[in-house]
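Please look through the structure below before reading on.

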Amino acid sequence: MPHHQMGRKLSIDDDDLDLIMSILLEQEKPLSTNELAEALIQNKLQQETALLENKFKDVVVYDPSRTYEIGQRLLFPALEYATAVIIDQREGNNLDLGTFDVIRVEFEDGGQNSPDIREFASNLSVAHKLNRDNDDDDLFAYPIETSSSKELLTESFIQMLKNFLQKAPELASVGEYWFLRDLILEVNIGHLNLAEASLALAGGVPLDTAHILSDIGSLGDSSLELQLFSLNYHLKHDRRFDEVGPAGQILWHLSEMQPNEVKQIPSELQYAKIEYDRALLSSEMLALEEEIADEYSPIDTQTEIDQDAATITLIYPHRRLGTFPLNQQTRQIFPKATTASRIWITLIDKQDGEEFSGWVVPAGRYVYGLERYYRKHRLPVGAYVSVARENDNPGRIIVSFEAYPARIEWIRLISIQNTHLSFKNEKRAIGANYDDLMIIGADDLERIDALHRRVQDEKRTLFAIMKEILPELGRLTPQGTVHAKTLYSAINILRRCPPGPILAILSANPEFQNMGGQYWKLTG
Amino acid sequence: MRKPSKLIKPSLETQFHIDYTWWERSQEDLSIYLLSHLPPEQRDQLSGYDSSKLIDYVDPETGEVHQLDNLGYAIRMIIQNSEFINEHTALVDAIFRVFLVNGNKPLTPNELGEYLGKPASTILKTLSGGRVYKGLRPVK
């Protein structure tokens, strides 16, 4: 059957913009990039089919048993459906084949069937492979096979269209939807003030646009889709409102009602990148780095990532601020956004079902909203905390830990000595499973906060912090050695740092002596 | 790009074909050699044939007409016989026949070996020796 490659390499030009504008005008409602891409492809395929139909108009499928006349156009199925015009005819000469004719044809496709002029048998009485059973000369008994729209609707085409539409001043977008800028409905200051009041009354819970629209009344007689799009468009351009929905869902929130830890990344969670030579890390160190799974570690794990649940070991800054790290594993559990810089979610306590408002802050690599949860369950630094999706709802995340009846245990406890961090062993009641090497207790949080600020102000180096902390931790054990994991957990009280730079300094600097495994002490 | 040197030793991946220019320069007669590929009775019929008399050969796949002399026509007809290449055919003749059948499309010793069921190394040794057999040469 005729098969043409024409539709396979799609491009987008100004004619397409005209088409898109007329589609939007005709439908009188906003359409998504996907819907526009599909409509565009359908149109291109129709054009392609029309071109093919024109090419094959009045063309007869070649059959050696038929007789033809000079000037007739033929289609050659055995020659990739090339078309040719008959320019001459003569008697055939072959006693084995009896009486037949030879037609001389000129191909129309410019060189694909070279030479352009060739001869073919006609009026042939002996059987030939190309003999057709019926007299149907309608070419379209052979369906024209063009590329299917599904085949052409690729991610790269959709992205190309999106890039193109973004450059068109005639169009406006909200999320994945597009409409004609000039035809967006008017939303006045009164509407926007009512929207603000509606969100304020919701008490910090985001609302979808339909809810806000019903609170402020309709925007006229236009389609509901256009009213929602117009309201979204105006809310997007007013700084009082922030779009906080996951990909595919538009939810609005008042900027002023958002926690500061969401609007701005807290200094305790900011990692000032330290350059180091990763070749210094032994395979054992790399394994340790992968096990810790810090959100700032450059890990490209080879193991399959669980898309439904993940567990982390809590470090001090996350415990203090009530945040949860977004590392390679946990990132898969939380919803993503296409345009929103923060996403509102519901965090659910698996133990008792209590719900908390949470915020995914992708730029800061954390989720905010667990301070009350951590305090409620008295989770220590070093506790294992898990997250899982609630069924298929991307905006609802179940948080849990492995609880057991609280028992008194010896743990490291932070003790501030003047301007330095120190530790002591003390008994504490613990009711959650934890990593023995990373657990650290803290009582006087305000003094720790003050020391953290001081370390930042003094610009104390990582090396200096390590030299200060290692002997303090070493004092807690008879051998005076400290595991790299413990050091990592303690350093993060004063300065946010993934394990990579810490391990590189331990490995490269002779002032640190390896005592076997990943246990270290200061030399001298 | 530089052309490969003619002195490069052919390998199992070197493409060969019938080099008809070799036949033009050769003292051997292509027509006589082609006749040798026909059965004896057909050979007798064709001895002393008039090469200016042309026959319309109709391609069984496409219907295209090629004007051939009697020998060319006889060869075109015989190559359609599945027994044209058989286990009793001498190796050089068998390789030549493969190229007659496939329209002289270049093939490597590996491909020829697979087609003929013979070791590719034997085919390479035959085609890359000091002597050119029946115009079977590497593609330039």
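## A hairpin and its neighbours

Strand 14 and strand 15 of chain A form a hairpin with 5 residues between them, and A:Gly353 in the turn has a positive phi of about 80°. Helices (H or I, at least four residues) and strands (E, at least two) are DSSP runs, numbered from the N terminus, and two strands pair if DSSP finds at least two bridges between them. This is a predicted model, in which local features need pLDDT of at least 70 and side-chain atom pairs count only at pLDDT 80 or more, while totals for chains, interfaces and linings use all residues. Residues are numbered from 1 along each chain as its sequence is written, and chains are lettered from A and ligands numbered from 1 in the order in which they are written.

Strand 14 (residues 343-349) of chain A is joined to strand 15 (residues 355-361) of chain A by 6 bridges, and the two run antiparallel; A:Ile348, for example, has A:Glu355 in strand 15 of chain A as its bridge partner. Strand 14 of chain A is also joined by 4 bridges to strand 18 (residues 393-401) of chain A, and these two run parallel, with A:Ile397 in strand 18 of chain A as the bridge partner of A:Leu347. Because 5 of the 7 residues of strand 14 of chain A are buried, this strand is largely enclosed by the rest of the structure; a residue is buried if 20 or more other C-beta atoms, placed from the backbone, lie within 10 Å of its own, exposed if 12 or fewer, and partly exposed in between.

## A sheet of 3 strands

An open sheet of 3 strands in chain A has the order 9-11-10, with antiparallel pairing. Strand 9 (207-208) and strand 10 (241-243) of chain A stand at the edges, each with a single partner strand, so one side of each is left without a neighbour in the sheet. Between strand 9 and strand 11 (residues 251-254) of chain A there are 2 bridges, and A:Leu207 has A:Trp252 in strand 11 of chain A as its bridge partner.

## Chain A as a whole

Chain A has 15 helices and 23 strands, and buried residues make up 34% of its 524 residues.

## Where chain A meets chain B

In chain A, 17 residues are in contact with 9 residues of chain B, where contact means that the C-beta atoms of two residues, placed from the backbone, lie within 7 Å. The largest share of this side of chain A, 4 residues, comes from strand 6 (residues 117-122) of chain A.
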